[in-house]
Amino acid sequence: MTEACQIAGWSDAFSVGNAAIDSDHKAFFEIANLLKGIIFEAAESKFVIESALAMLEEYVAGHFLREEKAMEKIGFQHFEDHRAKHFAFNRKINEVIRLYRGGSLSVAEKLHDLVLKWLASHIMNEDMKFRSLLTDDDVDQRPLAYLALDALENEGPGTEKLAVPTVIVPAKLKLDYSKITALICEPSSTIRSGIRFTLNEIGISNIEESNNFIAIDESCRNGGFQIIVMDAMVGGNDSAYFIRQIRSIQTNCDPFVLTVLLLSSRDEAAVRSAMSSGTDSVLLIPFSSGQLRDQIIGHAERRKPFIVTQDYIGPERQNENRPGCASAPQIIVPNPVEALGRGISIEQYEYRKNEAIQVIVNYRLKSLAGAIVFECNSLAAGMRDGVSTTESTFRSLTRLENIADELAEKIRKFSGAKSYSVETFRDRCRELKGRLGEIAYVDIEELSASGRKVSEIYASR
Ligand SMILES: [Fe+2]
Ligand SMILES: [Fe+2]
């Protein structure tokens, strides 16, 4: 057994007497374990390893800069020597990462041992020399990602660039994230650790995890969180479905929860499906800690208005050409992360949330009513022109049944009353689906007439 394998993780013995630096070191141990996970989880893809490497690069740059700034500030006598040791380790890490990215995939296996061994020895032999010399005022308290950005800017020409995000970030967090609860839905334990690490960095420690399809279903139905970070594919199933359910108010979850969908596939259809779920954003795996952090903070501080169309409820994205978007009005929706982060009372938030839900439901009813007429017309036209097939008729009737189902459910939920006309229409669709071979044009005409009647009631609301 190697020396590194015998080090379980951070313990009080590693404390250098400063909370910020101790917290960095704890996270450093976590990253080392994350790298260990990569080796043992044979099923992990190259993307996962890339994510962990980006996180390590960012972490090393940020932590070293935090220590170096503090040492310089207090005129620490071993400063130059200490900085040289950081530099040497940084080069070693960058070399391994460079080799990995150049195709020598097995070098990643060395990283866990390298990081853990170096870390334990460096803390005990070097960092301990400034123990008791640093006060909180001497140490930059900002999250590591900000320091990593500074480190990148401080690099001279010709030095190797680190893979940190290039976006400009605000000087400090504007919101208090300590009361936020986040839900992570990610089957890979390595990526999960990375997400947890990033959330902790922002100040979020209330974290729930649901890592299989059934558990996600239960979590989304119950709600209780303000942020969701979810892999778009869980156990081979499309989990963007859950975001759609949440946005269309079919669960007890807050429909305005902030969501980030993680996507491994670059396939256009997969990206489109993820974007059309109504998620706030999609993040491609691999991602760095800074990218995830910037997305979460970006959504928390600048929430986009929502739009409601026939097949979409979610943030408006101006650069997307979705049918119906151009005419859809923008709805200002509340932001649960911002509300909790600014200390707005639960009652006040709930009031705003319910108001926005009512507006969305009204638009949704109108758009479902419009969809019924559209679908009935195309079904009747196909039948009249003799171009419909059993399959196309079945598809249209199923679509109409689903639309009527949602319409009936929304009416029941938000007005407390049953809508007999909608339910009768839905039952008629079901009945026709049961005798596909015998459907006559007159049946479709009759269905269309009752569809138009249903539509008139809700389209004019
Ligand atoms: Fe350190
Ligand atoms: Fe150090």
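## About the model

Because the model is predicted, local features need pLDDT of at least 70 and side-chain atom pairs count only at pLDDT 80 or more, while totals for chains, interfaces and linings use all residues. Residues are numbered from 1 along each chain as its sequence is written, chains are lettered from A and ligands numbered from 1 in the order in which they are written, and side-chain values use heavy atoms, with hydrogens and water left out.

## The iron ion (ligand 1)

Let's start with ligand 1. His-25 (NE2), His-63 (NE2), Glu-67 (OE) and Asp-127 (OD) coordinate this iron ion at 1.9 to 2.3 Å. Donors here are N, O and S atoms within 2.8 Å of the metal (3.2 Å for Na, K and Ca); water is not among the atoms, so sites may look incomplete.

Along the sequence, the donor residues of ligand 1 are spaced H-x37-H-x3-E-x59-D. Two of them link distant parts of the chain: His-63 sits in helix H3 (residues 46-73), and Asp-127 in the loop between helix H5 (108-125) and helix H6 (144-154), 64 residues apart. Helices are DSSP runs (H or I, at least four residues), numbered from the N terminus. His-63 is buried, with a relative accessible area of 2%, and Asp-127 is buried at 1%; buried means under 20% relative accessible area (1.4 Å probe, protein chains only).

## The iron ion (ligand 2)

Now for its partner. Glu-67 bridges the two iron ions, which lie 3.3 Å apart. Since Glu-67 lies in helix H3 and His-122 in helix H5, the pair ties together parts that are 55 residues apart in sequence. Both Glu-67 and His-122 are buried.

Definitions and conventions:
Helix = DSSP H or I, 4+ residues; strand = E, 2+ residues; numbered from the N terminus. Buried < 20%, exposed > 50% of the residue type's maximum accessible area, 1.4 Å probe, protein only.
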